[in-house]
Amino acid sequence: LASIDMLIQHKKNYKSFKKSIIQWGILGFLVSGIHFYFFPMCFLFVAAYAIQSIIEQKKIKYFTPMAAYILGILFNFWLLGGFTSSAATNAFGLGNFSLNLNSFFNPRGYSNILPELGECFSGMQQEGFAYLGMGVICLLVICIIMWIILGIIKRKRFRICYSNIVLFGIGVVSIIWALSPIVTFGDRKLFELPLPQKIVDLWAVFRSTGRLVWPAYYLIIIYCIKFVAKLRNPIGMILIVICMCIQMFDIHGILNTKHQRFSKNIIYVNNDENFWESLTAYRNFNHLNISYPEERIDYYISLAAIALEYDLTMNGFYFAREIDGMRDNMTELERGEAKSENIYVFLPEQIDLMEEHMHELKYYNVSDFVVGVTWLDNAGKVNEFDY
């Protein structure tokens with residue numbers, strides 16, 4: 001939204017060269033610290049800002065705001081340790097997380113009016129969730145009708161505005177990028193772009209391409225409101241209020257659900273504090289080694305809280321990309337090389353994995369986990385916790 005506003009305010013701000021550099025540099029800094037998928041989204045707007053400035057002034061120096069944006073991203077990326085991370089830059093699934101052609105009208109359970117529509121790839125296309133809402137859909141229909149009435153019946157000429165063409169182009173690029181490289185409609189796969197593997201690997205840095213529809217999504221909503229609001233009578237405002245009421249009715253159910261979920265103050269409580277204190281006091285452990293049930297997000301978070309409390313490193317967390325070396329400790333265990341400074345954590349259902357290492361580890365049932373450590377010299381006890 002900030003990048004959209006800066007582009008819309010272009011004529012007022014672009015001649016203030018230092019101001020535009022500072023603004024886009026700060027935005028790049030924030031992008032890198034919040035979520036890297038904002039990089040290509042906001043880049044569309046800063047690139048358009050730079051190109052528009054160059055067209056206005058015929059000076060190449062107006063590429064500087066775009067350079068400031070990229071430098072802001074790289075600077076914060078460096079501050080956060082991004083260049084020292086061994087995380088994989090790409091991941092499997094490019095195309096599976098793309099935008100479906102029905103996404104603007106597929107509520108995916110968010111609507112009290114419209115039914116859920118079909119999609120491909122077993123829920124992966126939720127990354128391209130872009131349901132406009134019944135209120136915005138009504139507003140969009142009103143805009144189309146008004147366009148026809150003003151353009152055909154009244155024969156009113158529409159002045160071509162360069163800034164509108166730029167914003168339209170950004171929206172089109174955003175949608176095309178989000179749709180590809182596998183184009184789908186409902187539960188049907190229409191076609192797939194044949195791409196060399198090197199391009200696939202590079203593109204897979206942003207494998208959830210469906211998210212890249214957000215610029216177009218916001219522009220559609222903003223333009224519909226602006227178009228109707230320009231009516232020189234109360235009708236425009238009345239229509240907007242009516243559509244807003246329709247929108248709120250349409251999605252009020254999911255809004256209540258989200259409010260109930262996020263209004264709670266969630267605290268992770270260590271129910272076995274005595275065990276962890278006794279264990280870490282008994283030996284100088286320095287690493288918490290977990291196995292990887294990827295569907296159990298809560299498993300990662302609660303153990304991360306324990307690791308943080310007792311100053312332990314971890315070999316994994318709920319990351320979007322695999323990190324080299326994260327699994328090394330579990331690989332060592334599989335080779336029969338359990339280390340005395342490691343704490344190994346399993347889920348109770350991983351009984352087969354635990355049985356493989358009965359001769360190397362002692363196991364303790366601790367709340368929702370089974371904790372394994374190398375052989376202890378106190379009859380297998382950690383205070384009152386028995387082997």
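Student: Which residues line the largest cavity?

Tutor: The lining is Asn100, Asn102, Ser103, Asn106, Arg108, Glu119, Gln125, Gly128, Phe129 and Ala130. A cavity here is a set of points, on a 1 Å grid over the protein atoms alone, where a 1.4 Å probe fits but cannot get out, and lining residues have an atom within 4 Å of a point. Keep in mind that this is a predicted model, where local features need pLDDT of at least 70 and side-chain atom pairs count only at pLDDT 80 or more, while totals for chains, interfaces and linings use all residues. Residues are numbered from 1 along each chain as its sequence is written, and side-chain values use heavy atoms, with hydrogens and water left out.

Student: How much space lies in the largest cavity?

Tutor: About 40 Å³. Grid points are joined across faces, edges and corners, and the volume is the space filled by probe spheres set on the points. Searching the whole structure for cavities of 30 Å³ or more turns up one.

Student: And how does the lining divide into nonpolar, polar and charged?

Tutor: Two nonpolar, six polar and two charged. Ala, Val, Leu, Ile, Met, Phe, Trp, Tyr, Cys and Pro count as nonpolar, Asp, Glu, Lys and Arg as charged, and the others, Gly among them, as polar.

Student: What about the phi of Asp311?

Tutor: Positive as well, about 60°. Asp311 is in the loop between helix 12 (297-309) and strand 4 (313-314).

Student: Is Asp311 buried or exposed?

Tutor: Exposed, at 68% relative accessibility. Exposed means over 50% relative accessible area, buried under 20%, and partly exposed in between (1.4 Å probe, protein chains only).

Student: Where's the cis peptide bond?

Tutor: It joins Ser180 and Pro181, with omega about 0°. Pro181 is in the loop between helix 7 and strand 1. Pro194 is 13 residues from Pro181 in sequence, and their C-alpha atoms are 8.2 Å apart. Pro194 itself is exposed, with a relative accessible area of 75%.

Student: On to helix 7: what span should its 18 residues have?

Tutor: Residues 162-179 should span 26 Å at 1.5 Å a residue, and the end C-alpha atoms are 26 Å apart, which agrees. The expected span is 1.5 Å times one less than the number of residues.

Student: Which residues of helix 7 are buried?

Tutor: Val166, Leu167, Ile170, Gly171, Ser174, Ala178 and Leu179. What covers them includes helix 1 (2-8), helix 4 (38-57), strand 1 (182-185) and helix 9 (214-229). Contact means heavy atoms within 4.5 Å.

Definitions and conventions
On a 1 Å grid over the protein atoms alone, a cavity is a set of points where a 1.4 Å probe fits but cannot get out, and a pocket is an open set with protein on both sides within 12 Å along at least five of seven lines; lining residues have an atom within 4 Å of a point. Helices (H or I, at least four residues) and strands (E, at least two) are DSSP runs, numbered from the N terminus.
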